[in-house]
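Subject: Structure handover

Hello,

Here is the structure I promised to pass on. Please open it first, then read my notes below.

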Amino acid sequence: MLNGDIVDHYALSRWEKNPEFRKFPEEVQATTYFLSGLRKRFPKARIIFKHGNHEERFELYMRMKAIDLLGIPQFEWKSIYDLDKNKIE
């Protein structure tokens with residue numbers, strides 16, 4: 001059980017940000033690398049990814065700033081982080 005806040009989504013936060021800190025593409029890459037490594041390490045385990053408030057930053061950002069992209073599978077959270085590919089619920 002991944003119990004939330006695995007991803008920070010710092011760049012998508014509504015709070016003031018320092019542009020020197022995490023970049024969204026780099027965070028996506030690091031997270032997908034972590035999740036695929038977790039799946040490789042535990043190939044038969046049931047892995048459940050529960051969203052925390054930091055994961056919710058992505059959904060809030062999409063609703064507030066990219067509403068026209070909602071409903072497009074490539075822009076859904078599970079697609080961006082390869083959850084289906086890695087068999088993560």
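A pocket, as used here, is an open set of grid points with protein on both sides within 12 Å along at least five of seven lines. Its volume is the space filled by probe spheres set on those points. Please keep in mind that this is a predicted model.

**The pocket**

The largest pocket has a volume of about 290 Å³. Its lining consists of 13 residues. Leu12, Ser13, Arg14, Arg57 and Leu60 lie nearest the centre of the pocket. By type, the lining splits into six nonpolar, five charged and two polar residues.

**Helix α2**

Helix α2 covers residues 56-65. Three names to look for there are Arg57, Phe58 and Met62, which are buried. Viewed down the axis of α2, the buried residues fall within an arc of 135 degrees, so they line one face of the helix. What do the buried residues of α2 pack against? They pack against α1 (24-41) and α3 (77-80).

**Salt bridges**

Side chains of opposite charge can pair when their charged atoms come close. The count here is three salt bridges.

Start with Arg57, one of the residues nearest the pocket centre. Arg57 pairs with Asp8, and their closest N and O atoms are 3.2 Å apart. This pair links distant parts of the chain. Arg57 sits in helix α2, Asp8 sits in the segment before α1, and 49 residues separate them. Both partners are buried.

Next comes Arg46 with Glu89. Their closest N and O atoms are 2.7 Å apart. Arg46 lies in the loop between α1 and α2, and Glu89 in the segment after α3, so the pair ties together parts that are 43 residues apart in sequence. Are these two buried or exposed? Arg46 has 60% relative accessibility and counts as exposed, because the cut-off for exposed is over 50%. Glu89 is partly exposed, with a relative accessible area of 48%.

Last, look at Asp84 and Lys78. The closest N and O atoms of this salt bridge are 3.7 Å apart. Asp84 is exposed, at 53% relative accessibility. Lys78 is partly exposed, at 41%.

Best wishes

Technical notes: Residues are numbered from 1 along each chain as its sequence is written. This is a predicted model: local features need pLDDT of at least 70, side-chain atom pairs count only at pLDDT 80 or more; totals for chains, interfaces and linings use all residues. Side-chain values use heavy atoms; hydrogens and water are left out. On a 1 Å grid over the protein atoms alone, a cavity is a set of points where a 1.4 Å probe fits but cannot get out, and a pocket is an open set with protein on both sides within 12 Å along at least five of seven lines; lining residues have an atom within 4 Å of a point. Ala, Val, Leu, Ile, Met, Phe, Trp, Tyr, Cys and Pro count as nonpolar, Asp, Glu, Lys and Arg as charged, and the others, Gly among them, as polar. Buried means under 20% relative accessible area, exposed over 50%, partly exposed in between (1.4 Å probe, protein chains only). Helices (H or I, at least four residues) and strands (E, at least two) are DSSP runs, numbered from the N terminus. The arc is that of the directions from the helix axis to the C-beta atoms. Contact means heavy atoms within 4.5 Å. A salt bridge is a side-chain nitrogen of Lys or Arg within 4 Å of a carboxyl oxygen of Asp or Glu.
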